[in-house]
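Here is a short report for a reader new to this structure. Please look over the sequence and the model before reading on.

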Amino acid sequence: MDREKVAVIAPGALAATSGKHRPVERVLERMIPHAAEQLHIRIFGIADGHLPSQGWIGSVPFYRLPGGRNYLESLLRHLRKWRPDTVDVHGRPMLACQLKGRLPLSRVLLTMPSAPVFSPSCHPKACTPHVLESVDGLIVNSERAKVELLTHFPSLLTPVWVNLPGANLEDHVPRWTPDGERQRRHRLAELGWSDRKIILLAGCLPSIGEENRIVSALSDVLNRMPEAMLMFLASDVPNSPRAIHELTAYFPERIVRLPAAPTCTLADGYLLGDCLVLLPGDETTSMLTRLEAMAAGVPTLDASDSPVVEFAADGLLAGGPDASLMDRIVLLLQDEEVSQVLGRAGREIVRRHYRWEHVADRWVNIVRAGNAEAKTPTASRRSIKN
């Protein structure tokens, strides 16, 4: 039997191959080669004037079409000639709506890469009930994003699926292995941090109330544990300059950014970290960071007040849901046994459920579920999720 044809519409030029590694591009770059074993896939994006008009992700062709006013018509010419069964549009609601209206024989899915795009205040024209109802299905990358979507649009009938991103276990050496501990000690000695406890931070602080709560917890940890340091897993300080700058001024030697040295990589950050605290921020980046940290055996904490649990390991933290953020961080820094149990549990969860092969399989199942739903007109659209 012929494999289903699936056209993936990327949000840009797919510059991951040139080293820029945007989160959405990383997901496509890692997932698509595995999915191509089960589906016939072509990827379409926008030319940027620097990369060639055609490239490859494994065995999958990638076409970069000229942007601007002629992009839609150029894309339609390609799609009408190829006749895909399914079109999966990433992060462009209006484009998905336009394609659905012009390609009545294809199912059109809309993959929303980040929860904030669901806010009508951010996208008043693009993200509306009319647009979201026009497509055949929505894919989000976390349970939190799904909850936020359905909160903004409680009457939405379009089916919603969750497909979390993945991680490669092979990219990381857990610090609680002999080799990992040896590498970690060596890097800490190089950086002059041999006696330090390192708290990794990823994300940003979006609101004044949330910002004050999280910064206060981090400040309390630094006051309570003189050996503790904060390391941001980004080249720039998050978008909360006053609070972070005040904290940095108070603890000038104990707040650093990655890379802290020219040779320090993201893998080094995971190896150095005693725990990861995820600040609120872009959902795609946050989920990738969390899964990479779990693959590296780093216990993770969510700094937000969200009650949504993404992974079984979230429920393993001693202290229970009522423990403060400061108490949970201190626990992981002080109790090596708890930290290692959580690190091992996170890595095992990735091994069983969140390798890129798993991500590809879930996406293939979503595509096939959508096609099966199309053949069953009486099916309840809202009942088919996840």
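Predicted model: local features only at pLDDT ≥ 70, side-chain atom pairs only at ≥ 80, totals over all residues.

## Helix H6 and its packing

The buried residues of H6 are Gly180, Arg184, Arg187, Leu188 and Leu191. Seen down the helix axis, they fall within an arc of 100°, so they line one face of H6. An α-helix has 3.6 residues a turn, so residues three or four places apart point the same way.

What does the other face of H6 carry, turned away from the buried side? The exposed residues Pro178, Arg182 and Arg185 sit there. H6 has 14 residues. From first C-alpha to last, H6 reaches 20 Å, close to the 20 Å expected at 1.5 Å a residue. After H6 comes Gly192, with a positive phi near 75°.

## The chain as a whole

The chain has 13 helices and 13 strands. Of its 386 residues, 54% are buried. The chain exposes about 17,600 Å², and carbon and sulfur atoms supply 53% of that area.

How much of the contact count comes from residues 24 or more positions apart? Among contacts in the chain with a separation of 6 or more, such residues account for 70%.

## Salt bridges

Side chains of opposite charge can pair when their charged atoms come close. The structure holds 20 salt bridges. One of them joins the side chains of Arg102 and Glu73, at 2.7 Å from N to O. This pair links distant parts of the chain: Arg102 is in helix H3 (residues 93-102), Glu73 is in helix H2 (residues 71-82), and they are 29 residues apart. Arg102 is partly exposed, at 33% relative accessibility. Glu73 is also partly exposed, with a relative accessible area of 33%.

Glu170 and Arg355 form another salt bridge, at 2.2 Å from N to O. Glu170 lies in the loop between strand E8 (160-162) and helix H6 (178-191), and Arg355 in the loop between helix H12 (336-353) and helix H13 (356-374), so the pair ties together parts that are 185 residues apart in sequence. Are these two partners buried or exposed? Glu170 counts as exposed, at 56% relative accessibility. Arg355 is buried, with a relative accessible area of 19%.

## A buried pair and a network

Asp302 forms a salt bridge with Arg290, and their closest N and O atoms are 3.9 Å apart. Asp302 lies in strand E13 (residues 300-302) and Arg290 in helix H10 (residues 283-295), so this pair ties together parts that are 12 residues apart in sequence. Both Asp302 and Arg290 are buried.

Other salt bridges share partners. They join Arg175, Glu181, Arg184, Arg185, Asp274 and Glu336 into one network. Within H6, Arg184 is buried, whereas Arg185 is exposed.

## Glu292 in helix H10

Glu292 also has its place in helix H10. At 13% relative accessibility, Glu292 is buried, because buried means under 20%. Which side chain makes a polar contact with the side chain of Glu292? The partner is Tyr270, at 2.8 Å.

Neighbours within four places in sequence are left aside here. Beyond them, Glu292 is in contact with Arg26, Ala167, His172, Leu266 and Tyr270.

Note on methods: Residues numbered from 1 in each chain as written. Heavy atoms only, no water. Salt bridge = Lys/Arg side-chain N within 4 Å of Asp/Glu carboxyl O. Helix = DSSP H or I, 4+ residues; strand = E, 2+ residues; numbered from the N terminus. Buried < 20%, exposed > 50% of the residue type's maximum accessible area, 1.4 Å probe, protein only. Expected span 1.5 Å × (residues − 1). Arc of directions from axis to C-beta. Polar contact = N/O pair within 3.5 Å; in protein donor to acceptor, adjacent residues only side chain to side chain. Contact = heavy atoms within 4.5 Å. Areas by Shrake-Rupley, 256 points an atom, 1.4 Å probe, with all protein chains shown as cover.
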